[in-house]
Amino acid sequence: MRVQISSGQGPAECGLAVGLFYRQLQKEGRDIRLIQSVRAKGGKGYSSILFETEEDMRELEGSVLWICRSPFRPKHRRKNWFIDVSVLEQLPDTQGDMKLRFETFRSKGKGGQHVNKVETGVRVIHVPTGISVVSTEARSQHMNKKLAMNRLCDILADMELDNRRREKELAWMEHTRLERGNPVRVYEGMDFIRKK
């Protein structure tokens with residue numbers, strides 16, 4: 001499961017709250033692995049932190065409220081700072097699982113006296129996605145297998161690029177979707193003490 005903590009378009013105080021909340025999750029003993037952290041403008045806190053976990057963290061999804069006077073602007077009247085916690089859709093890793101099934105068949109076309117007698121055509125099927133590629137151009141099964149594998153690798157590489165691009169777009173959409181109010185958790189003060 002991938003989780004993103006985001007300051008949305010909030011000020012530096014929200015960026016500080018993102019870092020404090022991430023540290024709080026670590027203190028709670030949660031099994032989390034940092035994937036990416038983006039520093040906020042001015043270097044005060046984080047714009048977003050993306051991490052991975054095996055735990056089900058959907059109970060944290062929503063806004064988190066931090067009640068504290070601004071450490072950066074002492075005369076500022078506002079003291080409620082919101083951050084967003086989003087569980088992101090994780091797209092399948094097409095490169096990681098290379099379970100393949102090979103099928104051979106008699107191909108039509110070139111082959112001279114052996115045409116329709118020897119199974120030189122090759123179909124390669126990527127089992128996790130169901131994508132299949134066929135090659136019948138070459139005269140040998142070995143060469144057709146190579147050609148089919150090359151085509152399949154190209155298709156899977158393109159799919160992987162598209163999946164990573166979509167994941168980034170989804171993370172950015174969640175980053176800009178901060179909802180203020182109705183927090184799932186409330187923290188108070190610079191010590192980040194949980195109140196709810």
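**Core and sheet of a predicted model**

Modeller: The largest nonpolar core has 24 residues, and those with the most contacts inside it are Ile-5, Phe-21, Leu-25, Phe-51, Met-57, Trp-66 and Ile-83. A nonpolar core is a set of buried Ala, Val, Leu, Ile, Met, Phe, Trp, Tyr and Cys residues joined through side-chain atoms within 4.5 Å; buried means under 20% relative accessible area (1.4 Å probe, protein chains only).

Biologist: Which element gives the largest share of this core?

Modeller: H1, with 8 residues. E1, E3, E4 and E5 also give two or more residues each. Helices (H or I, at least four residues) and strands (E, at least two) are DSSP runs, numbered from the N terminus.

Biologist: What does Met-57 touch?

Modeller: Met-1, Val-3, Leu-25, Arg-30, Ile-32, Phe-51 and Val-87, leaving out residues up to four places away in sequence. Contact means heavy atoms within 4.5 Å.

Biologist: What are the ground rules for the model?

Modeller: This is a predicted model, where local features need pLDDT of at least 70 and side-chain atom pairs count only at pLDDT 80 or more, while totals for chains, interfaces and linings use all residues. Residues are numbered from 1 along each chain as its sequence is written, and side-chain values use heavy atoms, without hydrogens and water.

Biologist: New topic. What is the strand order in the open sheet?

Modeller: E2-E3-E1-E5-E4-E9-E10, 7 strands with mixed pairing. Two strands pair if DSSP finds at least two bridges between them.

Biologist: Which are the edge strands?

Modeller: E2 (32-39) and E10 (193-194), each pairing on one side only.

Biologist: And E1 with E5, parallel or antiparallel?

Modeller: Antiparallel, over 5 bridges. Ser-6 stands opposite Asp-84 in E5.

Notes:
Buried means under 20% relative accessible area, exposed over 50%, partly exposed in between (1.4 Å probe, protein chains only).
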